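Try each task before reading its solution.

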Amino acid sequence: MDQELPEDPEGEYLSDEQWSAIINNDSRYDDQFFYAVRTTGIFCRPSCKSKAPMKSNVRIFQNAEQALSAHFRPCKRCKPTGERLPDREWVEQIEMYIDNNYAETITLEHLADICHGSLYHLQRTFKRVTGITPVEYVQQKRIEQAKQNLIHTDQSVSEISLNVGMANIPYFITLFKKKTGYTPKEYRHQHQTHHSTEVQKR
């Protein structure tokens, strides 16, 4: 029985020939089609030297305009629209990836790879645009989510630490106190006390 090819929402199929062109960075297919990656929101030329995506995350477009209309952004490395992607838009791509994947293991190398840029350029550009480093942004996202979990769930500190992508629980507690001035338990108690006082005033 033949394996059914995955159908793209735009009606395009990823053929074996196209997939081969993508994983081999085959420049002969440039301008014949473009491919986008659902998890990163970026689209590329087949010849792009970026790390090959997971096949199941690929969408195929006949031209750059279709990819742009589907709200994908051009790769900074292969420039599929022929224009240089502004640094602010590139940083927004990185922020979006972190926002959606903060609970996973995120290294600078992985970020640079997934967002199609060099490690040095990633760190320098991200800090210039946002005022903080990519690592600080990841930490900020994790601590903000941890605060929400402490307030709105009964999860233990250990569970929350793991759920926001920090397997080293003592480090999580140390970082949380550094960022908020409280340990996670103190933060939860502080909020519960404040909430109880507000309820009594009503």
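This is a predicted model, where local features need pLDDT of at least 70, side-chain atom pairs count only at pLDDT 80 or more, and totals for chains, interfaces and linings use all residues. Residues are numbered from 1 along each chain as its sequence is written, and side-chain values use heavy atoms, leaving out hydrogens and water.

**Exercise 1.** Work out the strand order of the open sheet and find its edges.

*Solution.* Start with the strands (DSSP runs of E, at least two residues, numbered from the N terminus). Four of them form the open sheet, with mixed pairing and the order β3-β1-β2-β4. β3 (58–61) and β4 (73–74) each have a single partner strand, so one side of each lacks a neighbour in the sheet. Next, take β1 (residues 34–37): this strand pairs with β3 in the antiparallel sense over four bridges, where pairing requires at least two DSSP bridges. Finally, locate Ala36, whose bridge partner in β3 is Arg59.

**Exercise 2.** Check the span of helix α6.

*Solution.* Helices are DSSP runs of H or I, at least four residues.

**Exercise 3.** Describe how α3 packs on α6.

*Solution.* First, the axes (lines fitted to C-alpha atoms over the stretch in contact) of α3 (residues 87–101) and α6 come within 10 Å and cross at roughly 35°. Then list the contacts (heavy atoms within 4.5 Å): Glu95, Ile98 and Asp99 in α3 meet Pro134, Tyr137, Val138 and Lys141 in α6.

Terms used: Expected span 1.5 Å × (residues − 1). Axes fitted to C-alpha atoms, helices over the stretch in contact; angles between N-to-C directions.
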